[in-house]
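Here is a short briefing to read alongside the model. Keep the 3D view open and follow the topics one by one.

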Amino acid sequence: MAGRGSGEDARPAGGRRRVPLAARVYDELRHDLATGELAPTERLRAERLAQRYGVSRTPVREALARLQADGLVQRHPDGLYLYRPRLNELDELYELRIVLESRGFQRLAAGGSVQVHVAAEHDLPTVRAELARWLEYRDTPPEPGPDLVAADERFHTELLRAAGNSALAEALAAVYLRVRPVRTMDVPTAERVAAMTTDHITIAEQVLAGDDEQALHTLTAHIDSSRAHVRVRAEQAIAFTKLGRAVRD
């Protein structure tokens, strides 16, 4: 990615609005951290990142400060690193997912109350679009990797956005940013991909049929299953790491 120019602003051709370099570096660095392009154990040195993105150190430092404020980067005694949740923090983040995603259904159920004035149902065209996408995935399963993780996140955030509160969806997206590196590095089996696809199709069909109560039940069971799987995989990875330290080549 190096060699795309330096200075304080990127200047696209054609007179389009200039994008501040710090914003561009922020987006690219966040993407690279979330998709594993940069290792979670790699120290985030401004000098090295400036060379990677073809900029000076100033926009890199600004981008790192934003990522630290977002909770995606943590300061350790020797420098900045990608946020790496502990096992109990993983559980807490998945619990927060359930709270946020359930709230979408609860808002609709409370639509007739004085306190909350919302539509009585989801934005059905949005739900239909996601259903169509996952029906295609059922027929042609996607390859495991960052694109599949992104598609999974999109399903959940769009389902929540369809309940009528974009702020809830943005909060959910922020949770996903913190768990995405863990999920991206855990390559799911074909069976896991098929189970994810089936669950998404079932949830969407239940929403479209107006059975929000059953859809919420399927959704929470789906998230709980994902949480249990990620925790087991994380525990296995920790065990293998400890085993690796006990032997030599």
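How many residues lie between β3 and β4 in their hairpin? Two residues separate them. This is a predicted model, where local features need pLDDT of at least 70 and side-chain atom pairs count only at pLDDT 80 or more, while totals for chains, interfaces and linings use all residues. Residues are numbered from 1 along each chain as its sequence is written, and side-chain values use heavy atoms, with hydrogens and water left out.

**Overall layout**

- The chain holds nine helices and four strands; helices (H or I, at least four residues) and strands (E, at least two) are DSSP runs, numbered from the N terminus.
- Starting at the N terminus, the order of elements is β-β-α-α-α-β-β-α-α-α-α-α-α.
- Of the 249 residues in the chain, 40% are buried; buried means under 20% relative accessible area, exposed over 50%, and partly exposed in between (1.4 Å probe, protein chains only).
- Contact means heavy atoms within 4.5 Å, and 67% of the contacts between residues at least 6 apart in sequence join residues at least 24 apart.

- Strands β3 (residues 73–76) and β4 (residues 79–82) run antiparallel and are joined by four bridges; two strands pair if DSSP finds at least two bridges between them.
- Across the pair, Arg75 stands opposite Leu80 in β4.

**Helix α5, a two-sided helix**

- Helix α5 (residues 124–139) has 16 residues, which at 1.5 Å a residue should span 22 Å, and its end C-alpha atoms are 23 Å apart, in agreement; the expected span is 1.5 Å times one less than the number of residues.
- Its buried residues are Leu124, Val127, Glu130, Leu131, Trp134 and Tyr137.
- Viewed down the axis of α5, these buried residues fall within an arc of 135°, so they line one face of the helix; the arc is that of the directions from the helix axis to the C-beta atoms.
- On the face of α5 turned away from the buried side sit the exposed residues Pro125, Glu136 and Asp139.
- The partners that the buried residues of α5 pack against are α6 (146–161) and α8 (190–208).

**Nonpolar cores**

- The largest nonpolar core has 33 residues, of which Trp134, Leu159 and Val207 touch the most other members; such a core is a set of buried Ala, Val, Leu, Ile, Met, Phe, Trp, Tyr and Cys residues joined through side-chain atoms within 4.5 Å.
- Two or more residues of this core come from each of α4 (87–109), α5, α6, α7 (166–185), α8 and α9 (212–245).
- A second, separate core of 21 residues includes Leu21, Val60, Leu64 and Leu82.
- Leaving aside neighbours within four places in sequence, Val207 is in contact with Phe105, His122, Leu124, Val127, Leu159, Asp212 and Ala215.

- Ala215 lies in helix α9 and counts as buried at 0% relative accessibility.
- The C-alpha atoms of Ala215 and Ile203 are separated by 5.0 Å, with the two residues twelve apart along the chain.
- Arg97, in helix α4, counts as buried because its relative accessibility is 2%.
- The side chains of Arg97 and Tyr176 are joined by a polar contact of 3.0 Å; a polar contact is a pair of N or O atoms within 3.5 Å, and within protein one must be able to donate a hydrogen and the other to accept it, while residues adjacent in sequence count only if both atoms are side-chain atoms.
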